[in-house]
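User: I have a chain to look over before setting anything up. Can you walk me through it?

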Amino acid sequence: DLLYQDELNEMKEDLDLELHITLTDPPQNWQGETERFDTEYLQKKIRYDGYAEYVYFVCGSSGFITSIVSGLESFEDIPVFNIRFEDFSVYS
């Protein structure tokens, strides 16, 4: 499910935000990425100078957040306080 896609796209422009949306089970008309968002995906995508200075926002289920935060922590230069998350599990 894609929640708040329009709002995220607006924020992307306003905040100079790099937004990655990938679906592992996309609808037939999906034109975006289809890779699993995991540590391997992060290692491919986070390849730029100054990555440790950025703030990373992760939203999703508890299991997803745990996996992604662990992946971000594998980049030893990213301070833990630069990783923010919201657990959507509490809403279901």
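Predicted model: local features only at pLDDT ≥ 70, side-chain atom pairs only at ≥ 80, totals over all residues.

**Walking through the chain**

User: OK. How many helices and strands are there?
Analyst: The chain has three helices and two strands. In sequence order they run α-α-β-α-β.

User: What is the radius of gyration, and what would a compact globule have?
Analyst: The chain has 14 Å. A compact globule of 92 residues would come out near 12 Å, so the value agrees with that. For the extents, the C-alpha trace spans about 40 × 30 × 25 Å along its principal axes.

User: And how much of it is buried?
Analyst: Of the 92 residues, 20% count as buried. The accessible surface of the chain is about 7100 Å², and carbon and sulfur atoms hold 48% of that area.

User: Which residues make up the largest nonpolar core?
Analyst: There are twelve: Leu-42, Ile-46, Tyr-51, Tyr-56, Val-58, Ile-65, Ile-68, Val-69, Leu-72, Phe-75, Ile-78 and Ile-83. Two or more of these come from each of strand 1 (56-60) and helix 3 (62-73).

User: Which element gives the largest share?
Analyst: Helix 3, with four residues of this core.

User: Pick Ile-65 from that list. What is it in contact with, beyond its sequence neighbours?
Analyst: Outside the four places on either side in sequence, Ile-65 is in contact with Val-58, Gly-60, Phe-85, Glu-86 and Asp-87. Of these, Val-58 is also listed in the core.

User: Now strand 2. Where does Arg-84 sit, and what does it touch?
Analyst: Arg-84 is in strand 2, residues 83-87. Not counting residues up to four places away in sequence, Arg-84 touches Val-55, Tyr-56, Phe-57 and Val-58.

User: Changing topic: charges. How many positive and negative ones are there?
Analyst: There are 6 positive and 20 negative charges. Their mean positions lie 6 Å apart.

User: Where are Asp-49 and Glu-53?
Analyst: Asp-49 is in the loop between helix 2 (39-45) and strand 1. Glu-53 is also placed in the loop between helix 2 and strand 1.

User: Buried or exposed, those two?
Analyst: Asp-49 is exposed, at 74% relative accessible area. Glu-53 is exposed too, at 68%.

User: How far is Asp-49 from Ser-62?
Analyst: They are 13 residues apart in sequence and 30 Å apart in space, C-alpha to C-alpha. For Glu-53 and Thr-24 the figures are 29 residues in sequence and 29 Å in space, again C-alpha to C-alpha.

User: Last one, backbone angles. What about the phi of Tyr-4?
Analyst: Tyr-4 has a positive phi of about 60 degrees although it is not a glycine. Tyr-4 belongs to the segment before helix 1 (5-15).

User: And why does Tyr-4 count as exposed?
Analyst: Because its relative accessibility is 58%, and exposed means over 50%.

Definitions and conventions:
Residues numbered from 1 in each chain as written. Heavy atoms only, no water. Rg over C-alpha atoms; globule rule 2.2 N^0.38 Å. Buried < 20%, exposed > 50% of the residue type's maximum accessible area, 1.4 Å probe, protein only. Areas by Shrake-Rupley, 256 points an atom, 1.4 Å probe, with all protein chains shown as cover. Lys, Arg positive; Asp, Glu negative; His and termini not counted. Charge placed at Lys NZ, Arg CZ, Asp CG, Glu CD. Core = buried A, V, L, I, M, F, W, Y, C linked by side-chain atoms within 4.5 Å. Contact = heavy atoms within 4.5 Å.
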